[in-house]
Each structure stands twice: as structure tokens, then as C-alpha cells.
Amino acid sequence: MIRHLENILYEKTKGTQSEILFAQWNYDKKIIPTALNAVSSLFPHYSLHDETHSITIINNIVRILGVENIEKLSAIDIWLILEASYSHDIGMVVTSEELIKSLKSNDFITFFKDLIKDEKSGLHEFASQFEIVENQIKYKSNYLNLELHDGIKFILAEFFRNKHSNRSKEIIVNPAKTLSMSSPRGVIPQRIFKILGDICASHTKDFEEVLDLPFCEVGIDIDDAHPRFIACLLRIGDLLDLDNNRFSEVMLRTLTKIPIDTLNHKSKHLSIESFRVDREKIEVAAKCNNYDTANITQHWFNYLNSEISQQMINWNNIVPFKELGYLPTIGNLKVELSDYDYIDGKNKPKFRVDTDKALGLLQGAGLYDGAYQCIREILQNAVDATLIRIWLEHKESKDYSTPQSCEYLEIIKDYPITINIIEKEVKGEFKNWLIEIIDNGTGISNDDLKFLMNTGSSSKNKTRTNIIDSMPKWMQPSGTFGIGFQSIFMLSNVVNIETKSFFDEKLQFIELNSPNSPKNGDILIQRKKSDHSVKPSTKITLNHKTIAIPDRYTIKGEHRNASRIAHNYDPFSHESMDIELGKVLDEIFDFAYKSYFPIKLNIGNESIETRSDKAKQFDFFEEENSLELKFHFEAKENRWNTLSYYKSQSVENNLRLKFLGIECNIHKDKASKVLTLNRNKIRPEYNETLYKDLMYSTFKLLTSNFDNIFKEEKDKAIGSMFLNYYSNEEMVKQFNISQFDHWGKLKINVGEIEMSIESLLHSIESLKIIYDNTINPEYGDLYILKEKELTIKLRGGTPSYDYTDFFLYKASEVFKSFSKSSDPSSKVKEVLFTKEKQTSPITKGAFEKILKSLKGSYSTARRILPCLEEFFSLRLKENAFIPYVHPYRFDDHIYLSYPKMLSPFVSEQYEERKYRLNTVLNDKIYDWVFENRYDIKTTRDEIIESYKLFLETFKVEDLDK
């Protein structure tokens, strides 16, 4: 059909000024296909975008219009159809210079970051093999991997695909400059090439933008051009290139791995079973074998249906003259998914969130500890918005190296968060309150509002996310609008927001209605005129109704103000018990406790101080892990808690550290990664990360600031105990702590005298630990020295003082042998350690008792045991480790270094509280023991023989009695 159009163009232009159109086309049809062949260098995984694609588009256009109508078109419209069909994808040709430039561009880095974050993207698996370091893309792997080479090509391809239509326009207007393509310019007016560029650029844009193209333009000679019409034909012709020969198997075979999206699109084309395109009707039927193919095919059909429908509606403003008739109607666009069905015969089944139920979960299922926790959520949103504004306004001029920088602390004074609580009247049994929360942050833009409407979708707000990514870690906001914000409906069915956006300068009055209210979640928006005198801000207002005098109430221990108000209530002088106000105040004070931001609270006409002078923030900032730290130490007997905060808000943790009290403020990672959904606790899976970061940062700060932190000798002893006790942790082994030996001078009570830990360790030959529940709980650990034997009496099974834990830890380095005894009648257990040197810390008889104790005594099925000398072929190197196989401990509070072996026995639970021992030996065990053997001269066969000897010596049937 292309020859037919060329003949029509030739006849219409012969002997006229329009002959230059035919000459231009004759030149371009030779050089454009050559350029299009280069598309596959960056897009080998895409459907073909070569000359065959262009010809198919032309054929589809002729099918839609009819051959007879093509002949009615002006010469320049025919020329535009030919040129646009060939040139619309020329923007997919990318030079090496452009590739190099893009790799360094902020746009590409941002695009790359989005792929790393977006686990739903088909390119996520390729992007996640790289990392962004100092705004540069780096390989995670040090090894050559062709998949990485292909992966970066796929990512670059997607980056340029998103902008290829605009690039096509640039190339059409100036081919020599952009691609060094020698398509002649100068004879045809440049305006005509700009029209052609606009037509090609519009083939990927929203339909509304197509209607912005001119309906009619002066062409060549007396012909008129119709850019809007040609653009619409191009879009339909492009969408209808659906047949099953679009992919090159040869090109796909050059790739080490093919993106899933490519495979799905290929399957889409292969799934086409029937296809009709003519003047009357467009019908397509596809039969798919999997959901992903069906989904993408259905999406393509919906796109086609929408495009035809939009053009039909606007056809009178598109078609050059009515004699061309109308577009064909859309017939059946059918997608069949083999072996599956739709519930209603039309729509795919899909899970959807019932907002009524979701809000009910917030209110009734304990996601939040109480309704008033939403106050903290709204205050956190206010802080987050303010942090972004401060960054945008002052990022170039201020010091943001730490949250404790003087410049930062000075700036935030100008961005207070104000809370106004106004007491309203009592009506019947109810008391009304007006609550306002005002911040000077970025306000809520139209984009923000879209994400606010869609619960939990705020993390997809890329504009906001990109700004946050550019901020220092410690300054990055903790979370985004979503479930947290909508928790405000636990207090009121209607929330009013007055806001001016920092970004679009729009002043808006927004009414938010609860999904559970009669207005069913409606959002009403009024836009007001504004000038520069109104600064960006957000004011949230709600009316909260409480029961004036409740029949009963619950107050948690931390609700100090609520408790005080309840206690002070006098029914003879007060018309309401304002216990709910107390709960609101408790949330505000808790939020303000460690917050750097000034929180101004006004109750009626009274200003309330929200932060106690005792609430000093933090003393240190460790930049590597973005942790703020504060240390507590006073008396050597004290047990301290490890207190954790996330972005200055208190959160619970499961950390238990000795010697020092540590307050840590976490500034890195998103709230969703660090905190449980209600933001009250550290996520269980994050506790390990926090422990490693906390230990590393603490060691780094203590070792470099030791004398500044610990002024007194007794305090230095405590600090050195911490460093020595935890020095074997993997994450802190790099720190040299040899100089921190102050612990040795710490004096403890031994009977009626005081002795230093160091002298006590050197003066004893044996150590006896007595676990005795009869000891008076008012006493701590009792130290009794008789001759050269030290007895330590512990009440129950745990030392009362941290220095006892440390003493037993240091004793582990001195004592080599062990024995244990117990008195069942008195429930007193004795453990004796001596300095006698022996190959193993236990005898053969004691070892047999350990084996018998394995049955059901431990949570793990298999153990690492002491290794007797006669089985040293099984001895493991000291650092041998495998998850869920723990070393045997002689005692909970003292660890003896001993030769180790992997037990051949496993403990199996077959009924509740019933266990038995089984022998399990296999090649996997022999291989692991061989890889982790103590003596590299030991052979694998010797290991196997030694296990045989072990099982002959210690029979499982004897141990299992």
C-alpha cells in the first residue's frame, strides 16, 4: 500500500510547487530506515521499530480511511502520513554521547532510584544489582556479569523510551545536529518540519494534548495540512500494530536475560487469534495462557478502545472534511484467559480495601494504643512538612552536618508548631473541644491531596520522595500521609484544613469527611485567591466531642496529665471531668519531650510549656549510622535501660545492655522499615540492625571521647567494663580497646573489705557460684573470700550488679575446669571453677551427663559440644558457626573456652514435653566438619571414622533412657 500512497503523492505534486514534498520523501525513505535499524542497539528486547513497523502503520491507516478516501487527501497530508509513520520512533535512536551524558544526569539518577525502590517494576531486579553512592551508579558485584551489562541497557532503554516522542521532534527539526543524519532542509519551510515534529511527539501523549494541535495549517502551494487529523491517524495505526511477528528472535537470543515485561508483550502479540480492521469495524480476539499476558493484553485493548472512543467524540473537530466519513466502530475486543473465568463475565476479580472496615480496624482492633495517638501522627506530619520547607529554603546557606548544629537549631525557632485547644460548651452529656494544629511547612499541594485521598499511597509521591532523597539522612522526614493521617477520624467525622502550598502557591480550604460519616469520605475543596502576604502553612481544625462525665474510664501509667485531671475532679465544683483533655496533653508532651522543634501549646488564653528542662536532647551525633546518643552512668550497681527514639519520638525496643544507660535517636531508614505500624515499637526484624549500629556508634564515640565522657575514675571503670565486655562482637572488633583497663581498679565489697577486681582475680585459685533463692532480696550479690576460694552468692539465677557479670566474664579468661552440683531439697545449685589446666574442662563422666541433658533441654535440635581428647579428629576451629546450632554453655554467666565438636545427636520432640535423641549423620555433616576442622591435616575419612568410634563409645539407646 505504501507504493499506492507514493503514486498518489507523485501525481498530486507533479508539475507543482509541491514537487519538493515528493523529492523529500524519496530521500527520507532511504535514510530513515537506516537510522531506525540502530534502535535495536539500545532496544534489542523491544518489538521491532524498523521499517516493517512503519509500513504496518501506513497499511492500518489506509484500512481505517479506505483507499478511495486516501485519494481525497491533500498532497501535504499524504506526505505527513508517510513521514510521520517512518519518523515517529526516530527518537529511540540514541547516540553514545547522549548515553554518557544521561548516566551522569540528575534525571537519570532519580529514575534509577525509583526503579530500585519500585519492587513492582519489571526492571527492579536489574536496578537492584546496582547502588547509588554519592549520586553515582556503582556495581554491587566485583565480578564480570553479562546480566549486569544487559540490565543497564534495559534501564537506559526505558529512560529514553519515556522521552522518545519528544526526542523524535528534536531530530525531525534538526537531524544533522542531533543524529548527524543528512536529511536536506532549506527547501521545505522549517515550519512544516515543526508541524511534522509536533505530530510525531503527540503519539505517546494524552489525548487532550493532541487536540491542542492545529486543526488546519497552510501547506505547500495551495494545499492545507491537517496536523490534528494526521496525529490521530498515526496513534490508531500505531496501536493496531498487534500481529505476532513484532519480535525478532535473533535479537532476543543475544541477551543473557530478558525482562519480564518483554516476555509479556511478546506473549501479547502471539496471543492474537483473530484480527479485523476495516472501514466498518475493529475487532481483535486474544487467547492467553497466563494472567500477566491477559492483563497486559486487556490493558492494550482498553487503551485502543479509549483512543477510538475519544476520537469519535471529537471527530468533527478532527476530520478535514465530512466526505471522509467516520471512524470504524469498536466491535468485540476479547481477551480469553485459558482455564480461568471472570466472576461477572466482564471484570477480573480483584481485592479492594473496604474503607469502613479499615477505619474500624484502626478504632477497634488495637492498631493504636488509644484514639489520641492520632495527635502524635498529625504532629509528625507537621514536623515532616516543616523539615522539607527548611531544607528547600536554606539548603545552600546553612550547616546541616548534624541535628545539633547551631545554625539548624537557630533556624527551627522560626518554624514553630502551634496547638490551640479551645474549650466549648457542655451539651447534655457531651463536652465539645476545638483543636487546631498549625505548622509552617510546605502545605498541601494538589499532588499531595491526591495521595492523601488514597490511603497508604503517599510513598508513591515521587516529587516529594525525590526532595527527601536529596536531604541529609538525619533530616529526612519519618513517614508520609496515609493511614496515620486518616487516624484523625477516630476523633472527629469532619476535619477542616486551611493550607497554602509551598510548591504551587495555591490557597485551599479542604473539608475531609470520614469514610464512616454520612458524607461517606467525601472531600470538598475551595480554592481562594492569595498573595505573597500569605505564607505556606497548614492549619488542621477539628471538633472533638467527649462524654462530659464518663461512668468509667481507663488511664494507662504513662498518662500523667489524664491521671492528675481525674484525681482533681470534684463533682460539686466541675461540670465536666476533662480526662480526655489530659490524654491529649499527654500525647503532646510525649511528642515534645525530645523534639527539636518548638511546640507551642495554648489552652484557651493560657500558654503551656511543653518541654521540661530535664529533657535535654542528645550529647553526640554519629554520622555514619545517623544515630544521636546520650550516655548515663553513676553507680556501678545500677542497671540502666536502653531507651530508643525514632526521629525524636520514643519507641520501645528489646535491647538489653549492661554497664551504661544509652539513649539513642534513630535518624536513618524509613519509618515503615524501622517501626511497627502503630509507630510505638521497633520492628522485631530491625532490632538486630539497631543493635549492630548502636554498638558500632557507641564504641566509635567512647574510644575517641573516653576522657571527655568519663571524668571520674569510677566512671572510667564503668566505661572500660562496657568496652571490654562487648569487645568480641563482630561489628566492633576493629576498635583497639587495650588502653581501656580502668575496670581493674574498680573496688567491690568482698565480705567486710573492699578489693579491686584486678587484685581479686589474681588472688584466687577457685571460684564457686551459688544460686540460692533463700538470700534476702534486699541484699545484692554476696562475695565471700576464704583462703584462695571466692564464693559468689546470687539470689535466684541472675547477678544483681553489672560488675558481677563483668567479673564472671573476666574469670572465663582465667579458669579452665568446671564441676557442678545441686541440692534438690534446697534448690541450691553450686558451680565450681578452678585454674587447673586440662585438655578438656570436663571428665568423660561429666561429658556423658551433658549428652543425656541434650534431650529436650534446649530449643535447638543439634548442639556444639566439648570435644574430648580421644575424638580430636572432630575438633572444630574456634569460629565455626552455622545458624540454629548453638555451643553448649557450662553456666549462664561464665563461658569457658573449650575444644568443640558437632554433636551427632539431635533432640526430637514427638509429643508435648516429650523428647528423644536420634543419631543423624550424613555427607552434609561430614563436609561441614571437614571445612571447619581445627587441624587442617585431618582428612574427611578420619572424621567419619572418629564419629563411628564416638557412637560406639556413647550409644544413643543408653543416653535416651
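User: Which residue stands opposite Val277 in β6, and what makes β5 and β6 paired strands?

Analyst: In this predicted model, Val277 has Ile282 opposite it in β6. Strands β5 and β6 (residues 281–288) run antiparallel and are joined by 5 bridges; since two strands pair if DSSP finds at least two bridges between them, the 5 bridges of β5 and β6 meet that condition. The helices and strands named here are DSSP runs numbered from the N terminus, a helix being H or I over at least four residues and a strand being E over at least two.

User: Why does one side of β5 and of β7 have no neighbour in the sheet, and which helix packs on that sheet?

Analyst: The open sheet has the order β5-β6-β7, with mixed pairing among its 3 strands. β5 (272–277) and β7 (329–337) are at the edges with a single partner strand each, and therefore one side of each is left without a neighbour. The twist from one strand to the next averages 5°. Helix α18 (residues 291–313) packs on this sheet and touches β5, β6 and β7, its direction making about 170° with that of β7. Contact here means heavy atoms within 4.5 Å, while axes are lines fitted to C-alpha atoms, for helices over the stretch in contact, with angles from 0 to 180 degrees between N-to-C directions.

User: On what basis are these values given, and how are residues counted?

Analyst: Residues are numbered from 1 along each chain as its sequence is written, and side-chain values use heavy atoms, with hydrogens and water left out. As the model is predicted, local features need pLDDT of at least 70 and side-chain atom pairs count only at pLDDT 80 or more, whereas totals for chains, interfaces and linings use all residues.

User: Why are Asp221 and Asp669 each called partly exposed?

Analyst: Buried means under 20% relative accessible area and exposed over 50%, with partly exposed in between (1.4 Å probe, protein chains only). Asp221, at 38%, therefore counts as partly exposed, and so does Asp669, at 26%. Asp221 sits in the loop between β3 (217–218) and β4 (224–225), and has a positive phi of about 60° although it is not a glycine. Asp669 is found in the loop between β20 and α27 (671–674); its phi is also positive, near 70°.

User: What makes β28 largely enclosed by the rest of the structure?

Analyst: In β28 (residues 862–866), 5 of the 5 residues are buried, so the strand is largely enclosed. β28 pairs in the parallel sense with β29 (residues 885–887) over 3 bridges, where Arg862 stands opposite Val885. On the antiparallel side of its pairing, 3 bridges join β28 to β30 (residues 900–902), and the bridge partner of Leu865 there is Met901.

User: How do you know that α7 and α10 are roughly perpendicular, and which residues meet?

Analyst: The axes of α7 (residues 96–103) and α10 (residues 146–161) come within 12 Å and cross at roughly 95°. Angles under 35 degrees count as roughly parallel, over 145 as roughly antiparallel, 65 to 115 as roughly perpendicular and the rest as oblique, so these two helices are roughly perpendicular. Glu98, Leu99, Ser102 and Leu103 in α7 meet Leu156, Phe159 and Phe160 in α10. The residues of this contact divide into 5 nonpolar, 1 polar and 1 charged; Ala, Val, Leu, Ile, Met, Phe, Trp, Tyr, Cys and Pro count as nonpolar, Asp, Glu, Lys and Arg as charged, and the others, Gly among them, as polar.

User: What makes a set of residues a nonpolar core, and which have the most contacts inside the largest one?

Analyst: A nonpolar core is a set of buried Ala, Val, Leu, Ile, Met, Phe, Trp, Tyr and Cys residues joined through side-chain atoms within 4.5 Å. The largest has 100 residues, and Phe631, Phe722, Leu767 and Phe807 have the most contacts inside it. Helix α28 (residues 687–709) supplies the largest share, 10 residues. Leaving aside neighbours within four places in sequence, Phe807 contacts residues including Ile757, Leu760, Leu767, Tyr783 and Ile792. Apart from this core lies another, of 99 residues, among them Ala84 and Ile236.
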